[in-house]
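Have the structure open as you read.

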Amino acid sequence: MDRIASGALSALTPQSPAQWQTAPLLFQHRLHADPRFAKAAIAGLIDRYPRRSYSIVHMGEQGAGGRRVWREGDFGGLDGARVLDAIERGRLWLNLRDGHAHDAELDATMRGLFAEAGALAPPVSSYGHRLGVLVSSPGAQVYYHADLPGQGLLQLHGRKRIYIYPPRLPFLSEQGLENIALSQLEVGLEYRPEFDREAMVFDLEPGQGLFWPLNSPHRIENHDSLNVSLTLEYWTQEIRRSQMINVANGILRNHYGVAPRSRKLGGPSFYAKAALQSLWRRSGRLDGLRRAARPIDFRLDPDRPGAILDLGAPKRRDGQGA
Ligand SMILES: [Fe+2]
C-alpha cells in the first residue's frame, strides 16, 4: 500500500508543492524502514564523511547564565557507531551537510522525493536541491528561526516536536528576513512564547515528513530519543528572486537609510534591486557582513561517551590537540 487511505498523512504527490506553499504538509515516507537508512548505515556514512562537510555542535549546559553557548567540534577519531553513541548520551547535534554531493544513495533519494512531489517539472521547476543528515541528542532543541530557501524535513529515527509559525507579522518581519539574508544568521528572529498559540505543532515520527511554506519560522524540540532526520532544501525562480529582494532591501535599509516599500518580484524596481545586490555580491561587500566560521574547539571524549574534551589553542582540526 503506497497511501494511507484515511487521515491527513499520505505520500507526496504532484499536488504537494501547491499544498505546502499555503500550509505545512505532513506526509508519509518509507525511508525509516529502508536498510540504507538504518542506524548502522548512518554510522557507516559518518565513518566516510569528509571533515569539511560536517559540523558537530555542543549545546552547552542548560541555563548556563541563560546564554546559548554553542561550540563546534570534531569526532576526535571516533568511528561512526561511537559518534552515534556520544550523540545519544550527550547534548550534541551533528549536521552532515550536502549528503547528496557525497553519497550516490542520498542523491538518488533526494531526487526521488522531489520527483514524487512533481517538483522537478513546471510549474514548480525547483532546482539547487540539497540534502543533509541531522543527528541530534535526546532533548536537543533547534531555536526559533526561518530559512531562506524552501525546506523540508523527514524523520528517520526518534521523535521530535516541530512548531511551525505563519510567515508573516508578528512571527516574521521583512526586516527579519533581510537580516537573515545579509548576515546568514538564521536565529536572529525575535520569538515570544505567545506565538505558540498560532503555531502548527507536529510530533514527527519515523516515517513522517514535513514541507512548509517558504520562510515559515519554526523551532524544534527533540523528544527523549536519539534523532536522525533528513533535511531538504530547494530553490525556485520565485524563491531566488525573493532572496535578491531580501538582500537588496536589507542593503537599502541598513546602509542607505531607506525603508524599502516594495517586494515586487518583477518590473523596474526589481531589476534595480537585482543589480544592487549583484554589485554588492561581486564587490565582496556582502561576504564582509557574513559570519566567520566558528573555530573547532572540542573533540568527542573517547572514554566518556557524550562528553567533550576542550582543544587548547592553537586550534587544530585533526582531533589530536589539547
Ligand atoms: Fe530550519
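Helices (H or I, at least four residues) and strands (E, at least two) are DSSP runs, numbered from the N terminus. This is a predicted model, in which local features need pLDDT of at least 70, side-chain atom pairs count only at pLDDT 80 or more, and totals for chains, interfaces and linings use all residues. Residues are numbered from 1 along each chain as its sequence is written, and side-chain values use heavy atoms, with hydrogens and water left out.

Val258 sits in the loop between H7 and helix H8 (267–283). Its relative accessibility is 38%, so Val258 counts as partly exposed (buried is under 20% relative accessible area, exposed over 50%, partly exposed in between, with a 1.4 Å probe and protein chains only). Leaving aside residues up to four places away in sequence, Val258 touches Leu252 and Arg253, where contact means heavy atoms within 4.5 Å.

Now to helix H3 (residues 80–89), whose buried residues are Gly80, Val83, Leu84, Ala86 and Ile87. Down the axis of H3 these residues fall within an arc of 160°, so they line one face of the helix; the arc is taken from the directions from the helix axis to the C-beta atoms. The partners they pack against are tabulated here.

| Element | Residues |
|---|---|
| helix H2 | 39–47 |
| strand E4 | 92–96 |
| strand E5 | 127–136 |
| strand E13 | 296–300 |
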